[in-house]
Structure formats: C-alpha cells, structure tokens
Amino acid sequence: MALRDLSPTSFPPLRSPNWQRAYESALLETDKSVLFKRVKVSEAPILTRRDALEHDSSSQTERGAIEDALATLRVLKRDHS
C-alpha cells in the first residue's frame, strides 16, 4: 500500500483513537523540519495501544491498523534520514 493510500479517512473507526490522532498528525505534516519530531511523538501512543491490545482477541482490525501505521512511520523516518 502506498503512502498516498493511507489517508486519515481510509481508517476504520476505532475504539481508542488517541493513537490515530497522533499518527494522522505525522502523516499530514508538510514541514520537513517538523516531520521527524511528529513521527517520534506519534510512536509512543501507538506502541502503548499495541501493548494494551496484546491479549484482546476482539481487536484484530485495530491491531492491523497499528501495524500498518508503524510500518508507514518507519518509511517516513527512513525517507527523512
């Protein structure tokens, strides 16, 4: 999936969207000097939520969205360096 395909409206509604707001902020950042910081800041709530869902069998959709978000952030960090 290309980065352009990961618009904020392409995500399903989630039970705990706090991580998603931080992620969207990183995705939508256009200032290259701020992008890396937004990416780093967005990782903490994503990883916290992933840990919270570790044993929740009803959260497959959100866990998949989290893994996709982390992969996209890795690409943004790689492209930024």
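Predicted model: local features only at pLDDT ≥ 70, side-chain atom pairs only at ≥ 80, totals over all residues.

Residues are numbered from 1 along each chain as its sequence is written, and side-chain values use heavy atoms, with hydrogens and water left out.

Let us begin with the overall plan. The chain has three helices and zero strands, and its elements run α-α-α from the N terminus on. Here helices (H or I, at least four residues) and strands (E, at least two) are DSSP runs, numbered from the N terminus. Of the 81 residues, 30% count as buried, where buried means under 20% relative accessible area, exposed over 50%, and partly exposed in between (1.4 Å probe, protein chains only). Among contacts with a separation of 6 or more, 53% come from residues 24 or more positions apart. Contact means heavy atoms within 4.5 Å.

Now find helix 1 (residues 18-28) and helix 3, which pack at an angle of about 30 degrees with axes 11 Å apart. Axes are lines fitted to C-alpha atoms, for helices over the stretch in contact, and angles run from 0 to 180 degrees between N-to-C directions. The angle makes helix 1 roughly parallel to helix 3. The cut-offs are under 35 degrees for roughly parallel, over 145 for roughly antiparallel, 65 to 115 for roughly perpendicular, and oblique for the rest. The contact between helix 1 and helix 3 divides into nine nonpolar, one polar and two charged residues. In this grouping, Ala, Val, Leu, Ile, Met, Phe, Trp, Tyr, Cys and Pro count as nonpolar, Asp, Glu, Lys and Arg as charged, and the others, Gly among them, as polar.

How do helix 1 and helix 2 cross? Their axes come within 8 Å and cross at roughly 160 degrees, which makes helix 1 roughly antiparallel to helix 2. Helix 1 brings Trp 19, Ala 22, Tyr 23, Ser 25 and Ala 26 to this contact, and among the residues of helix 2 are Val 39, Ser 42 and Ile 46.

Next, look at helix 2 (residues 32-52) and helix 3 (residues 60-80), which pack at about 155 degrees with axes 10 Å apart. Helix 2 and helix 3 are therefore roughly antiparallel. The residues of their contact divide into nine nonpolar, two polar and eight charged.

Finally, zoom in on two residues. Is Ser 42 buried or exposed? Ser 42 lies in helix 2 and, at 1% relative accessibility, counts as buried. Leaving aside neighbours within four places in sequence, Ser 42 is in contact with Ala 22, Tyr 23, Ala 26 and Leu 73. Leu 76, found in helix 3, counts as buried at 14% relative accessibility. Leu 76 and Val 39 are 37 residues apart in sequence and 7.6 Å apart in space, C-alpha to C-alpha.
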